[in-house]
Amino acid sequence: MGTVRRTRRWWWRWRSNPLRRRTDIVEAWIVLAVWTVIALGGTLAGLATAHAAEESFALLRRERHSVPAVLAESTSGAVPTGEGTEAGQVRAKVRWSASDGSTRTGRTMVDSGRSAGSKVVIWMNGQGQLTAEPPAENAAAAEASLLGIGAALAFAGLTFAAGRLTQWRLDQRRYEQWSREWETVGPQWGRKGT
């Protein structure tokens, strides 16, 4: 019996009712549309974002390759920069052999606490420029999932806010309608026989 009452309360805007206004029906459709858009659109936005992020990370893994190098300076006294790098890494000068056999030097992120002449692994992009290590498959999958969840939540939040704004506007319209009706009924309220 309790479930039937809750169901009746939940669906009151859809049932025939002499007190039901046109704005109540509109509001019911708005609520239904908002939750449908949140469920379907949020899911699609999340999946599309996660897929795009996974593709982007996979492209980075295909595009970048590791190269053996030698530290040209000691990193034992260097202080980690903390500028979007892994903990314990510092920017240091390294030397490596290019594919044409020439020796190249540059600065990239390496582990701190290493002495000059230590062997390190550096990462290059397709143009032969120093770059950061691409995210590992597991880390990329986790980050893509988080980005997808974030996109779904952002989409759902915007949709919910738009629905609430529309409902607020309907409430304002109802208040204006009640005010107009009260202006007509109010003066007759205290008369005898009314």
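Trainee: Which residue in S4 is the bridge partner of His-65?

Mentor: Met-124 takes that place in S4. Strands here are DSSP runs of E with at least two residues, helices are runs of H or I with at least four, and both are numbered from the N terminus. Keep in mind that this is a predicted model, where local features need pLDDT of at least 70, side-chain atom pairs count only at pLDDT 80 or more, and totals for chains, interfaces and linings use all residues. Residues are numbered from 1 along each chain as its sequence is written, and side-chain values use heavy atoms, with hydrogens and water left out.

Trainee: What makes S1 and S4 a pair of strands?

Mentor: Two strands pair if DSSP finds at least two bridges between them. S1 and S4 are joined by 6 and run antiparallel, so they pass that test.

Trainee: And what does S4 do with S5?

Mentor: S4 also pairs with S5 (residues 130-131), again antiparallel, over 2 bridges. In S5, Leu-130 stands opposite Met-124. The two strands form a hairpin with 5 residues between them, and Gly-128 in the turn has a positive phi of about 80°.

Trainee: Which residues is Met-124 in contact with, leaving aside its neighbours within four places in sequence?

Mentor: Contact means heavy atoms within 4.5 Å. Met-124 has such contacts with Glu-63, Arg-64, His-65, Val-67, Trp-96, Gln-129, Leu-130 and Thr-131. Met-124, Val-67 and Trp-96 are also among the 11 residues of the largest nonpolar core.

Trainee: What makes a set of residues a nonpolar core?

Mentor: The members are buried Ala, Val, Leu, Ile, Met, Phe, Trp, Tyr or Cys residues joined through side-chain atoms within 4.5 Å. Buried is under 20% relative accessible area, exposed is over 50%, and partly exposed lies in between (1.4 Å probe, protein chains only). A second, separate core of 5 residues includes Ile-30, Val-34, Ile-38 and Leu-170.

Trainee: Why is the pair Trp-35 and Phe-160 called tilted?

Mentor: Rings of Phe, Tyr and Trp (its six-membered ring) pair if their centres lie within 6.5 Å; planes under 30 degrees apart are stacked, over 60 edge-to-face, and the rest tilted. The centres of Trp-35 and Phe-160 are 6.0 Å apart, so they pair, and their planes at 55° make the pair tilted. Trp-35 sits in helix H2 (residues 22-63) and Phe-160 in helix H3 (residues 137-185), 125 residues apart.

Trainee: How do you know that Trp-35 is partly exposed?

Mentor: Its relative accessible area is 48%, which lies between 20% and 50%, so Trp-35 is partly exposed. Phe-160, at 39%, lands in the partly exposed class as well.

Trainee: How many aromatic pairs are there by this rule?

Mentor: The count is 2. Tyr-175 and Trp-178 also pair, with ring centres 5.6 Å apart and planes at 50°, so this pair is tilted.

Trainee: What separates Tyr-175 and Trp-178 in helix H3?

Mentor: About one helical turn, because they are 3 residues apart in that helix. Tyr-175 is partly exposed at 47%, and Trp-178 is partly exposed at 40%.
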